[in-house]
Protein chains: 2
Amino acid sequence: MQAARSVEIVEVGPRDGYQGIAPFLPTETKIRLLQQLFDAGLRRIEIGSFVSSTAVPQLRDTREVLAACARLNGLEPQVLVPSERRGRDAVDAGARRLVFVLSVTEAHNRNNVRRHPLESAQEYERLIAALPSGIAIRLDIATAFDCPFTGRVPQSETLALLDRLVPARPDAEICLCDTTGRADPQHVETLLASCMTRFPAVAAFALHAHDTYGLGLANAHAAFRKGVRIFDASIGGLGGCPFAPGATGNVATEDLVWMFERMGIATGVDLDALVPVAREAASLPGGLPGGRVRDAITARPPACAAGAPAS
Amino acid sequence: MQAARSVEIVEVGPRDGYQGIAPFLPTETKIRLLQQLFDAGLRRIEIGSFVSSTAVPQLRDTREVLAACARLNGLEPQVLVPSERRGRDAVDAGARRLVFVLSVTEAHNRNNVRRHPLESAQEYERLIAALPSGIAIRLDIATAFDCPFTGRVPQSETLALLDRLVPARPDAEICLCDTTGRADPQHVETLLASCMTRFPAVAAFALHAHDTYGLGLANAHAAFRKGVRIFDASIGGLGGCPFAPGATGNVATEDLVWMFERMGIATGVDLDALVPVAREAASLPGGLPGGRVRDAITARPPACAAGAPAS
């Protein structure tokens, strides 16, 4: 269990950030960036997906990247799997933490995986039942707060889906995802408080924030105030928003690290080591970056124009 | 006094945003944009400065803009004045709310106005003493949290300066300014709580947040949780950061309105009317925009790539 004065950052850029990049990122580049993220202190990293290479060609080399993880002593890689079958493949390939995604809203789940959320819940249950012991599970609940198709998601819907899912694996790490970035700090507080009350046996809740509306860090801090200690983020804010072309998506790892470190909360990440990686990630051809800290942190104190008060 | 379910946004773009723009914005353009901001619902607007036109050439037409305010029934314009003399000029020209800026740290105050903070405090006192009745005062405390030259500002320094300033005009609206954007939600909460305890007679505290490190809305929400109901913001996030070229500065008005309205807190601003103004402001030649909502709010629900789960 997390101490109150530290948080765990889960770096999802190599999956959630890269997957939208069209030009194929050479495997060596993926591995090098992974090494740099590790060197900067990140230990939880979502390194890829076991999905069809036709569906997500960028991540067709996940097996190789996963194999490279073995050299990084202390790294806890996780891979996304959409099904029991892919989950078995991932475990056979050496994966020890699997990520399963489903959406609260039918509209979004069908758009993503062409199934009703309860069909996805069944697939999740099959996956869980098929796993050997010792495999950690991360469950990503997309549209936990807001749906790009139907708007604000009533809390009762999110809780009802969790009612179904939690018993299958109470020790799963359950991540509430702000898919659209339209969650607000009040909503985050309220939903998380309800989740923690209703599901006291859940090992840990996490937050996956989007900064599309500038609320990424505000929502992360709201979750922190409610006891969340695990936060997804993407290096350089990579990922974009499929619902608002040109807008940002995932909260940037360097921004989240900045906020927590400023508040004296340990992240385990060395920001000076991370920012160069963030700059490279943000410059990847075809990438959709976000974040503010990268540009801010070059600050040197120049002279202000006298007479033009900077307040 | 503000009801708990509404906030007041003070639009500072026309002063704090425009002043850094090199190409002169025609007075007619300034007045037109002012009209549009007013039409969108903004009532507190910082429309310019009474300063030497050599120092801030962009704002040399403040008198004309102020005169145009008379047509906007319900508008409460405010103008920045650096001295007693300029304050008198402003009042003579029809201003009814004056803004005075000084910094907690000597380094920043000297850089801005070439004086020790206590010299500026004396100037403030002279200004207050010289005013006729009926003139409202806004006091901007720059580097209340953090200084670009000396880093984090100890709370004791900020409080000590306020000890000196508050008695001169207890009914002044006192705005704590996050000059560098390096304040964090914890710091905002702590300092504001201290201010409200120490200065119960202060009519109202306000927050001027910068989004340079992505914390603009997080800090605004922190202040809101502590009872602040008045927030500076700049249309299109105009203003930039003199300390980090290329970085953003002022929190964007449209972002702040988005956040509060999402939480059911009334701002009086119509976001649909505001966003086009924000887009124009963000496109002003030589402008340094910020903000996220402008780009996000074009969201339409397209089909996601099937198989590439959007969490």
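Start by selecting Arg262(B) and Asp146(A): their side chains meet in a salt bridge, with N to O at 3.0 Å. A salt bridge here is a side-chain nitrogen of Lys or Arg within 4 Å of a carboxyl oxygen of Asp or Glu. This is a predicted model, in which local features need pLDDT of at least 70 and side-chain atom pairs count only at pLDDT 80 or more, while totals for chains, interfaces and linings use all residues. Residues are numbered from 1 along each chain as its sequence is written, chains are lettered from A and ligands numbered from 1 in the order in which they are written, and side-chain values use heavy atoms, with hydrogens and water left out.

Next, show the side of chain B that touches chain A. The elements giving two or more residues to it are helices H1 (13–17), H5 (106–113), H8 (185–198), H9 (216–225), H10 (253–262) and H12 (293–296), together with strand E5 (136–142), of chain B. Helices (H or I, at least four residues) and strands (E, at least two) are DSSP runs, numbered from the N terminus. By class, this side has 33 nonpolar, 18 polar and 16 charged residues.

Now select both sides of the interface. Here 67 residues of chain B are in contact (heavy atoms within 4.5 Å) with 67 residues of chain A. The two chains bury about 5500 Å² between them, 56% of it on carbon and sulfur atoms; buried area is the accessible area (1.4 Å probe) lost on putting two parts together, summed over both. Between chain B and chain A the count is 4 salt bridges.

For a pair within one chain, go to Arg97(A) and Glu76(A), which form a salt bridge with the closest N and O atoms 2.9 Å apart. Arg97(A) lies in strand E4 (residues 97–103) and Glu76(A) in strand E3 (residues 76–80) of chain A, so the pair ties together parts 21 residues apart in sequence. Over all chains the structure holds 44 salt bridges.

Finish in chain B by selecting Pro14(B), Tyr18(B), Lys30(B), Leu34(B), Ile47(B), Leu59(B), Asp61(B), Thr62(B) and Val65(B), which line the largest cavity. Lining residues have an atom within 4 Å of a cavity point; a cavity is a set of points, on a 1 Å grid over the protein atoms alone, where a 1.4 Å probe fits but cannot get out. Helix H2 (27–39) and helix H3 (62–69) of chain B each give two or more residues to this lining.

Key: Ala, Val, Leu, Ile, Met, Phe, Trp, Tyr, Cys and Pro count as nonpolar, Asp, Glu, Lys and Arg as charged, and the others, Gly among them, as polar. On a 1 Å grid over the protein atoms alone, a cavity is a set of points where a 1.4 Å probe fits but cannot get out, and a pocket is an open set with protein on both sides within 12 Å along at least five of seven lines; lining residues have an atom within 4 Å of a point.
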